[in-house]
Amino acid sequence: MNPKNTSQDCSNCEEKVPKELNIRTHSCSHCGIVIDRDLNAAINIKNSDLGITSLVTTSDGETFANPKNLNKLHKKLRLAGKSLSRKTKGSNNYQKARLKVARIQARIKDSRLDYTHKRAYSINQRKSNCCS
Ligand SMILES: [Zn+2]
């Protein structure tokens, strides 16, 4: 999911609450919630990316779960990102840590694509009147 604008949407009622970057609290005029802007964004990301239990529900009610290996990769990404933030910018160790983060991000991307492609293929196989 794209983290852009996640702090604009209300994590409580999903209404868009436009705000300038220097406003650090999220106060929603629709549902009245007042929380830290970053917390609001974090809840939005969690809800849209990791919090949902099924990835797809087809029109006949079949559901597909989220790929489970992503949790492991996200944990690795979190640790690698933390390690990167402790490095001096521009140093060799910074470069190494940066590459590590990039590799994990690429794996997450690949694994997402692989999973969705496989699900799409299996749906297409069974409902051959679609997209053939
Ligand atoms: Zn709200």
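Mentor: Two residues are in contact if their C-beta atoms, placed from the backbone, lie within 7 Å. This is a predicted model, with local features needing pLDDT of at least 70 and side-chain atom pairs pLDDT 80 or more, while totals for chains, interfaces and linings use all residues. Numbering starts from 1 along each chain as its sequence is written.

Trainee: In what order do the elements of the chain run from the N terminus?

Mentor: The chain has 3 helices and 4 strands, these being DSSP runs numbered from the N terminus (H or I of at least four residues for helices, E of at least two for strands). Read from the N terminus on, the order is β-β-α-β-β-α-α.

Trainee: What share of the contacts with a separation of 6 or more is between residues 24 or more positions apart?

Mentor: The chain has 132 residues, of which 6% count as buried. Among contacts with a separation of 6 or more in the chain, the share from residues 24 or more positions apart is 36%.

Trainee: How are H2 and H3 oriented to each other?

Mentor: H2 spans residues 69-85 and H3 residues 92-126, and they pack with axes 9 Å apart at an angle of about 160°. Axes are lines fitted to C-alpha atoms over the stretch in contact, and angles run from 0 to 180 degrees between N-to-C directions. Since angles over 145 degrees count that way, H2 and H3 are roughly antiparallel.

Trainee: Which residue of H2 lies 7.1 Å from Gln105, C-alpha to C-alpha?

Mentor: On the H3 side, the residues that meet H2 include Val101, Ile104, Gln105 and Ile108. The H2 side includes Leu70, Leu73, Leu77 and Leu84. Gln105 is partly exposed, because it has 14 C-beta neighbours inside 10 Å.

Trainee: How far apart in space are the C-alpha atoms of Asn5 and Lys19?

Mentor: Asn5 is also placed in the segment before strand E1 (25-27). Asn5 is exposed, because 11 other C-beta atoms lie within 10 Å. Asn5 and Lys19 are 14 residues apart in sequence, and their C-alpha separation is 9.8 Å.

Technical notes:
Buried ≥ 20, exposed ≤ 12 C-beta atoms within 10 Å, placed from the backbone. Parallel < 35°, antiparallel > 145°, perpendicular 65-115°, else oblique.
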